[in-house]
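Please open the structure in a viewer and follow the selections below in order. The tour begins with a pair of helices and then turns to the domains.

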Amino acid sequence: MSVLITGIGELTTNSEVTGDALVIDGAEIAWVGNVGDAPAADERVDVEGRAVLPGWVDSHTHLVFAGDRTAEFGARMAGKPYTAGGIAVTVNATRAATDEELAAVVRKHIAEALRQGTTFIETKTGYGLNVADEVRSARIAAEEADEVTFLGAHLVPPGEDADTYVDLVRGEMLDAVAPLVRWADVFCEKGAFDYDQSKAVLQAAAAKGLGLRVHGNQLGEGPGVRLAVELGAASVDHCTYLSAADIDALASSDTVATLLPACDLSTRQSLPPARALLDAGATVALASNCNPGSSYTSSMAFCVTTAVLQMRMSVEEAVWAATAGGAQALRRTDVGVIRPGARADLHVLDAPSITHLAYRPGVPLTHSVWRQGERTN
Ligand SMILES: [Zn+2]
């Protein structure tokens, strides 16, 4: 089954191909070009001058959770500071939930994201924090999400000794979870795990063949970026507080700086230094960090709008970061891009250009979405 899409007012491909039409064949893009040169297709869809771009690639979410943190958010907006310790509230609720309840939460949020144009999504464990609950979190995530990350080193469970817990994470817990995931991550931050503890977890994960990611530099300057670059992590996420040395290290590495502006706004932190990263030559991704504590949004459009209006990124830079940048943070070449052979993940805006994503802040602009060649809305 092939579909010719015509009438594209503005086509953002993140690749060398251009045109005003494209053909989807099965789950892949088969052809991109000008409509006069289009090959025959089974079906034709005219998008009537709308902008088409790759579906959002959300490379950072925490969707395997239960419970509610509305009150904590409200208290924070009333002036209480954010600390990493709030994670424990979600851990207790997650451990108490059934498998079916957890799977329903993951599905609900992936569906919510898809309706807004997110066609590829990573999610993490990290609210189980014991072997059994991390394994079932990974299993449920693997059934629903495109990419799964093991985040046993999210927080030391309250009442446990940090070094004993690190030994569990890099030993028995990693052994049990590794077959279910592609990535390992660690929250390298004051109040979570220090440089040595984080490095021990990541090195054990690398020895198991997992790719590496780091949560770092969220609440203040710290060793997260340095560690991520040193170990060749695919991505270091947050990057809210960076030293000049951190920016230089990112610029001269393959480690993507994944910025999570909805989280910084929801915790009343500064926004990350996107302009300095880009000007230095670092690769920047944007992601939602959708989670019930510090960033409860699945809206990549909101992240793009914020990046443009408040972080001095151009619209083109922000859209690239939320599509191809996310793909690079996940070391994927088949998503976040429109070219023959790529996954047919398309986002059609009810607007003539991607500029409207920032020009019309807060307006829902998703017209239609195609995921793996299937129109989903
Ligand atoms: Zn996170």
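In this predicted model, select helices H11 and H12, whose crossing is right-handed. H11 covers residues 300–310 and H12 covers residues 315–322. Their axes lie 9 Å apart and meet at an angle of about 145°.

Next, display the side chains at this contact. On H11, select Met300, Cys303, Val304, Ala307 and Val308. Which classes of residue make up the contact of H11 with H12? Colouring by class will show ten nonpolar residues, with no polar and no charged ones.

Now move out to the whole chain and colour it by domain. Domain 1 is assigned to residues 2–54 together with 337–376, while domain 2 takes residues 56–330. Taken over C-alpha atoms, the centres of domain 1 and domain 2 are 30 Å apart.

Select the contact between the two domains. Domain 1 supplies 17 residues to this contact and domain 2 supplies 18.

Which elements give two or more residues to the side that touches domain 2? They are strand S6 (51–54), helix H14 (356–359) and strand S16 (366–371). Of these, select S16 next: its three residues are the largest share of that side.

Finally, colour the residues on this side of domain 1 by class. Nine are nonpolar, six are polar and two are charged.

Conventions: Residues numbered from 1 in each chain as written. Predicted model: local features only at pLDDT ≥ 70, side-chain atom pairs only at ≥ 80, totals over all residues. Axes fitted to C-alpha atoms, helices over the stretch in contact; angles between N-to-C directions. Helix = DSSP H or I, 4+ residues; strand = E, 2+ residues; numbered from the N terminus. Left-handed = near helix turned anticlockwise from the far one by under 90°. Contact = placed C-beta atoms within 7 Å. Nonpolar A, V, L, I, M, F, W, Y, C, P; charged D, E, K, R; others polar. Domains from an automatic or database assignment.
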